[in-house]
Amino acid sequence: MKAHNFSAGPCILPEEVYQQAAQAVLNFEESGLSILEISHRSTAFIQILEEARALALDLLQLDKNQYSALFLQGSASMEFMRVPYNLLQNKAGYIDTGVWSSKALAQAQFFGESVVIGSSKAVGYTAIPKIQECTKDLDYVHFTSNNTIYGTQFQNIPETDVPLVCDMSSDIYSRKFDYNKIDLIYAGVQKNIGPAGLSLVLVKDSILGKVDRSIPDMLDYRAHIKQDNLYHTANVFGIYTSLLNLRWLLKQGGVDAIEKRNKTKATLLYGQLDSLDFVDGTATVADRSMMNVTFTFKEERLAAVFDMLCREANIVNIRGHRSVGGYRASLYNALPEESVAVLVSVLEYMKNKA
Ligand code: PMP
């Protein structure tokens with residue numbers, strides 16, 4: 001029986017993606033070759049890469065004449081550094097919403113002045129802060145659209161006067177959003193895109209090439225764009241599996257349709273949690289995330305009961321991040337509604353134990 005996997009990432013991908021990826025490992029499109037042994041310069045792979053790059057933009061309605069899509073090795077943490085290397089000349093502003101945004105800010109400090117322009121640290125990162133500083137003299141503003149650890153999510157795009165950069169690792173392709181207002185979007189792929197090991201970068205070409213420093217090629221977005229994402233050996237399997245997942249999303253009806261499903265799942269779970277007097281939701285209601293639902297039990301005794309019931313129901317990976325504790329149910333695109341229903345029924349059963 002398939003486990004109900006509430007992992008924050010790497011996370012569940014659609015069953016048909018597993019099937020297709022497994023088949024491609026054995027015999028890629030009847031070629032007599034495994035996807036693991038085909039060249040990244042083969043015609044077959046170049047088609048995969050180009051389809052994946054085009055779909056990555058199309059699904060967010062980003063104009064391919066303005067934006068480039070790149071699948072790069074290094075994952076989101078590499079972009080914490082690659083972004084300021086490419087964009088930070090004098091000063092950048094970061095919205096501090098917890099661990100990931102702080103890590104991004106720390107890397108920017110290698111390249112110039114980077115300052116916090118809004119923070120929810122004082123409330124333990126349980127809310128989304130407002131921008132408190134004037135942004136007009138900044139090279140860019142950086143925000144983390146969904147805060148995987150705390151279960152908070154920007155409901156609107158921050159208003160700024162300068163280019164916007166967004167770490168969208170844990171909510172990309174999950175909802176409608178004004179993606180066009182963001183100049184550089186990046187994400188580790190291991191949640192709503194594909195298997196771990198890559199980052200996806202969607203960058204407006206016009207913001208690049210403005211810093212007066214030399215950038216080593218591997219860290220220069222323009223070097224990757226110039227070589228059509230084949231500056232070096234691509235992660236063939238990772239990109240192929242990401243394409244399968246993006247095709248799956250398109251088949252579901254794209255971001256509009258998946259948002260409806262994600263809303264249904266989140267409403268079901270939050271509705272149950274809100275109705276229970278022995279549970280505390282962690283995030284401020286107005287800022288809570290559709291992707292990561294965080295909560296705690298008022299009594300330790302109940303947490304132990306919950307752990308046991310989850311084991312019995314085959315619910316896995318629901319513990320909170322090690323830095324905050326508690327529980328976190330991640331409801332990424334591929335998590336079936338049925339898994340949420342099982343979790344809701346476990347919580348329902350706990351009414352008898354409370
Ligand atoms: N940003 C966010 C919002 C994340 O959730 C994570 C990891 N879960 C990261 C960045 C770091 O990603 P990676 O481990 O892929 O470098």
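1. Accessible areas in this note come from the Shrake-Rupley method with a 1.4 Å probe, and for residues only the protein chains shown count as cover. On that basis the chain exposes about 15,300 Å², and carbon and sulfur atoms supply 50% of this area.

2. The model is predicted: local features need pLDDT of at least 70, side-chain atom pairs count only at pLDDT 80 or more, and totals for chains, interfaces and linings use all residues. Residues are numbered from 1 along each chain as its sequence is written, and side-chain values use heavy atoms, with hydrogens and water left out.

3. Nine helices and 14 strands are found in the chain; helices (H or I, at least four residues) and strands (E, at least two) are DSSP runs, numbered from the N terminus. The radius of gyration, taken over C-alpha atoms, is 21 Å, close to the 20 Å given for 354 residues by the globule rule, so the chain is as compact as a globular protein of that length. The rule itself is 2.2 Å times the number of residues to the power 0.38. Along the principal axes, the C-alpha atoms fill a box of roughly 65 × 60 × 30 Å.

4. Among contacts (heavy atoms within 4.5 Å) with a separation of 6 or more, 66% link residues 24 or more positions apart.

5. Seven strands form an open sheet of mixed pairing, in the order S2-S10-S9-S8-S5-S3-S4; two strands pair if DSSP finds at least two bridges between them. Strands S2 (67–73) and S4 (113–119) stand at the edges with a single partner strand each, so one side of each lacks a neighbour in the sheet. The twist averages 20° from one strand to the next, with axes fitted to C-alpha atoms, for helices over the stretch in contact, and angles from 0 to 180 degrees between N-to-C directions.

6. Helix H2 (residues 43–58) packs on this sheet, touching S2 and S10 (198–204), and its direction makes about 120° with that of S2. Helix H4 (residues 99–108) also packs on the sheet and touches S3 (91–96), S4, S5 (141–144), S8 and S9; its direction makes about 165° with that of S3.

7. With a disulfide defined as a pair of cysteine sulfur atoms within 2.5 Å, the count is zero. The sulfur of Cys11 is 18 Å from the closest cysteine sulfur, in Cys166, which is too far for a bond. Cys11 is buried, with a relative accessible area of 10%, and Cys166 is buried at 0%.

Note on methods
Buried means under 20% relative accessible area, exposed over 50%, partly exposed in between (1.4 Å probe, protein chains only).
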